[in-house]
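This report describes a metal site and a set of charged contacts. The sequence and the structure are shown first.

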Amino acid sequence: MAKIKTISAREILDSRGNPTVECSLLTDTGHFGTASIPSGASTGKNEAWELRDQDPSRYLGMGVLQAVANVTDKLGSGVSGLDVTDQEAIDRRLCELDGTENKKNLGANAILAVSLAAVKAAASSTGLPLFRYLHERYRPKAPYRLPGPIFNLVNGGKHGAGNLEFQEFQIVPSTRISFVAALRMGSELFHLLQAELVRRGAVHSVGDEGGFAPNLFTNTDALELLSVVIKNSPYQLNQDVFLALDLAADSFFRDRHYQVKDAPRPLDSTGLRQFLLNLMQEYPLFSLEDPLEQEDWAGWAKLREEMPGSTLLVGDDLIATSAKQLSRAVKDQACNAVIIKPNQVGTLTETVALLDLADAHNITTIASHRSGETNDFFIADFAVGLGTKFAKFGAPDRGERVAKYNRLSEIATYLGQAV
Ligand code: 2PG
Ligand code: MG
């Protein structure tokens with residue numbers, strides 16, 4: 001049995017240049033795991049607490065030295081000596097040491113860093129690659145399957161240039177093709193989109209998740225642009241590849257209304273629902289994420305009834321990877337798909353519990369990165385090991401995004417699915 005021996009931690013930078021926590025864990029058998037923690041820009045109210053120093057003299061208040069100290073002092077000594085493969089015991093101890101429901105004391109960024117470093121060291125102690133270790137531990141009977149990638153090709157909202165209210169304009173390759181073919185399609189369409197932006201004289205620099213952040217368009221225009229690019233490509237829109245959206249609607253909800261460029265006046269919940277239903281008639285969507293603000297449960301349930309049954313209604317900020325929130329969503333029939341982000345809840349065990357609940361209720365699962373990322377590709381191994389249906393890792397460019405897509409390609413090779 002490998003026991004946790006030493007834990008170290010440090011402040012590193014994420015893809016936005018902000019500090020984040022990295023933790024390294026060593027067992028008494030000499031096995032090792034290092035994990036670093038991503039950070040969101042559009043966050044759910046029910047997310048676990050991201051501890052920042054708030055000291056304006058360092059990193060404009062964004063430092064994480066306190067979280068780092070919490071890892072090395074309180075959390076590290078608390079889990080020292082535990083069996084590194086007993087993830088439930090480790091995560092339980094981490095939660096007890098914090099003692100709050102949302103991990104406000106020690107910080108979810110500190111706690112998750114230990115939780116994930118532990119599972120990596122545990123995998124290494126068994127000699128298995130991480131995705132295999134996770135699969136054997138949590139889903140031993142399920143067949144191995146690579147998730148369908150969801151590519152975010154145009155970045156708006158809090159990830160973009162400030163002119164598009166909707167946060168993510170995505171393409172979703174058909175799940176009938178392999179991951180490797182889907183990745184190639186994502187990359188080709190990304191470059192064809194760039195060429196079209198150049199042709200139109202539009203700004204074609206990229207936003208936080210590697211998608212383009214053009215300054216010319218209304219939200220509808222961005223969907224039109226993607227449709228045109230796909231229609232001029234070798235791929236068939238709505239057969240080989242689909243359009244999808246993440247509105248992250250909380251980020252443009254003010255004074256009980258939604259402010260979108262496409263409408264002459266601010267829209268209330270009914271108005272935005274109607275706008276989206278019309279939009280979906282013109283642009284059939286594969287999935288629609290966070291279309292309404294996270295407290296409008298009645299609006300979500302109505303939209304689910306009114307929209308085409310074939311479109312996934314995805315809860316991200318609404319659910320915040322919380323079992324409590326997902327239980328309510330099941331009861332209210334508020335969504336039929338869920339985003340899974342380990343740092344929204346703060347431990348691996350709680351993330352798996354949420355996934356179990358989603359699977360038990362036939363809720364489609366989407367493993368997701370955050371807009372602020374590191375090169376850690378844990379989430380790719382997690383998606384395969386736990387069998388999430390889809391994976392949303394941003395556009396197929398920028399190191400921190402392709403780290404995850406490339407890891408899926410590597411896993412595809414291990415599984416003999418690299419065609
Ligand atoms: C989202 C995520 C990731 P953020 O809303 O789905 O794409 O963004 O990490 O900023 O919450
Ligand atoms: Mg989202």
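A salt bridge is a side-chain nitrogen of Lys or Arg within 4 Å of a carboxyl oxygen of Asp or Glu. The model is predicted: local features need pLDDT of at least 70, side-chain atom pairs count only at pLDDT 80 or more, and totals for chains, interfaces and linings use all residues. Residues are numbered from 1 along each chain as its sequence is written, and side-chain values use heavy atoms, with hydrogens and water left out.

**Salt bridges**

The whole structure holds 29 salt bridges.

| Pair | N to O distance |
|---|---|
| Arg-58 and Asp-53 | 3.8 Å |
| Lys-120 and Asp-376 | 2.9 Å |
| Glu-306 and Arg-273 | 3.2 Å |

Glu-306 belongs to helix α8 (residues 297-306) and Arg-273 to helix α7 (residues 269-282), 33 residues apart; helices are DSSP runs of H or I with at least four residues, and strands are runs of E with at least two. Buried means under 20% relative accessible area, exposed over 50%, and partly exposed in between (1.4 Å probe, protein chains only). Arg-273 is buried at 6%, whereas Glu-306 is partly exposed at 38%. Lys-120 is buried at 17%, as is Asp-376 at 13%.

**Metal site**

Asp-246 (OD), Glu-289 (OE) and Asp-316 (OD) coordinate the magnesium ion (ligand 2) at 2.0 to 2.2 Å; donors are N, O and S atoms within 2.8 Å of the metal (3.2 Å for Na, K and Ca). Both Glu-289 and Asp-316 are buried. A network of salt bridges links Glu-168, Asp-246, Glu-289 and Lys-392.

Conventions
Chains lettered and ligands numbered in written order.
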